[in-house]
Amino acid sequence: MSIRNLEPQAVWNHFADLNAVPRASKKEEQVIQFMKEFGEKLNLETHVDQVGNVIIKKPASIGMEDRKTIILQSHLDMVHQKNSDVDFDFATQGIDMIIENEWVKANGTTLGADNGMGVAMMMTLLSSTGIPHPAIECLFTIDEETGMTGAQHLDATHLSGEILLNLDTEEDDEIDVGCAGGVDTSANGTYNQKAPKNNSTAFELTLKGLQGGHSGMEIHLGLGNANKLMNRILYTLSKEYGIEISLIKGGGLRNAIPRESFAIFTVSHDQVSSLKETYNTITSSIQAEYKVMAPNLSFELKDASLPEKVMVKEDQKSLLQSIYACFNGVFKMSADIEGLVETSSNLAKITLENGSFEMQSLQRSSIESSKWDVAKTVATPFHLLGYKVTHAGSYPGWQPEMDAPILQVAKKTYIDMFKEEPKVVACHAGLECGLLKKHLPNTQMISFGPTILGAHSPDERINIASVQKFWNYLLEVIKEIPKK
């Protein structure tokens, strides 16, 4: 069965059309043009601002002219991640989507339901002829996943809506009213190299099969961080056998929990047998620790060509200690909202090669001071190495407005439709509402969406029934928008 035959068909067809267009963060040229042409073909007022955000406006349907104008908002970009054994070019290929039981997912890559399904819902509303709605302003932002530069530099002169519905959350029984802010922390430095010891054997170590996932929404689940686990192994082998490291490559995007890591190192011939025994002990222990959360976690140690250069002993010792000391995971739970992660950090990427080292990480918090506290905590081990540490891409959290009239409308509509109360929550993800609020200070905002699991990983999937539920709910909320 094709996803184009799923209900609501118009929504799934727009999602399929969107997923045929490459749309990596910071490489959105094709999808910006796609959305611009979409609006223009409908003869709707269409704008592209200076950074690439697309705004498409549609007048109110007959009988809804007296309602307040609403802004619908989703982001165009998606996280591009794939399994290492999948041959796929995100720059030229559309997402290969498949149906598995009650879910839609991609074949070995991220799906792009985050936030493509929100975009598809907005496209369906814009192209519809029979859906009642007030005047709508559809805001399609760019670069949400790697810096939120679209929201940061939005030209808000094209927007007049008093209510904003962000369609970028991932549990269909929740209404979000707040989110965490974030900041990227990176470290760059150089290290001294030398030729490997005489009579050395080289090995390539591969770690893969971790679940990965969203570094905000899933940071509390104990999913396993490939960079931290690889460092744990290398640290032990370095301390016990004096291995000499030539290369480490782990992780990728700063908002995805890293799933894979690779390393090349050397060891003296006479220590190979003992090293392999210790390696088996360490990896077996790690697999036992993660047997529930990462049942597919695997390690492979195989012979490699002897590298020309390896790290010198003292530099290697200091760096492995610094990575060990680098904080990763939940830093603090919220004292205000039960079960909410307040502050966290994700050690997203480690690259060590040819005398150069780079670390990338992302810190999140609903409290601005705590965000900077954990960012400095992450930075300190690398400052002590003398590396250059930078903090960039800082964005604010979104503070809840529990008395916003649109929240009351959304809650009542949910109760009327589903005969139960929705969960009104703040999330640990970085929604754009905090930045959009700076441009639109008098606009009421809430966020909701369908159920999506495994976002930012190749395990990303969206629940089919949830899409229908979300669509019906969105239409009812729009019908209940109050009068001007």
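Student: How many disulfides does the count come to?

Tutor: The model is predicted, and a disulfide is counted where two cysteine sulfur atoms lie within 2.5 Å. Cys-427 is in no disulfide, the nearest cysteine sulfur, that of Cys-179, being 5.4 Å away. By this rule the number of disulfides is zero.

Student: Is Cys-433 buried or exposed?

Tutor: Buried means under 20% relative accessible area. The relative accessibility of Cys-433 is 0%, so Cys-433 counts as buried.

Student: Which helix holds Asn-19, and is Asn-19 buried or exposed?

Tutor: Asn-19 lies in helix α1, which covers residues 9–19. Leaving aside residues up to four places away in sequence, Asn-19 touches Gly-94, Ile-95, Met-97, Leu-111 and Gly-112. Because its relative accessibility is 2%, Asn-19 counts as buried.

Student: Which residue has its backbone oxygen 3.3 Å from a polar atom of the side chain of Ser-322?

Tutor: Ser-322 belongs to helix α7, residues 313–325, and counts as buried at 7% relative accessibility. Among the residues that Ser-322 touches, not counting those up to four places away in sequence, are Phe-382 and Leu-385. The backbone oxygen at 3.3 Å from the side chain of Ser-322 belongs to Pro-381.

Terms used. Residues are numbered from 1 along each chain as its sequence is written. This is a predicted model: local features need pLDDT of at least 70, side-chain atom pairs count only at pLDDT 80 or more; totals for chains, interfaces and linings use all residues. Side-chain values use heavy atoms; hydrogens and water are left out. Helices (H or I, at least four residues) and strands (E, at least two) are DSSP runs, numbered from the N terminus. Buried means under 20% relative accessible area, exposed over 50%, partly exposed in between (1.4 Å probe, protein chains only). Contact means heavy atoms within 4.5 Å. A polar contact is a pair of N or O atoms within 3.5 Å; within protein, one must be able to donate a hydrogen and the other to accept it, and residues adjacent in sequence count only if both atoms are side-chain atoms.
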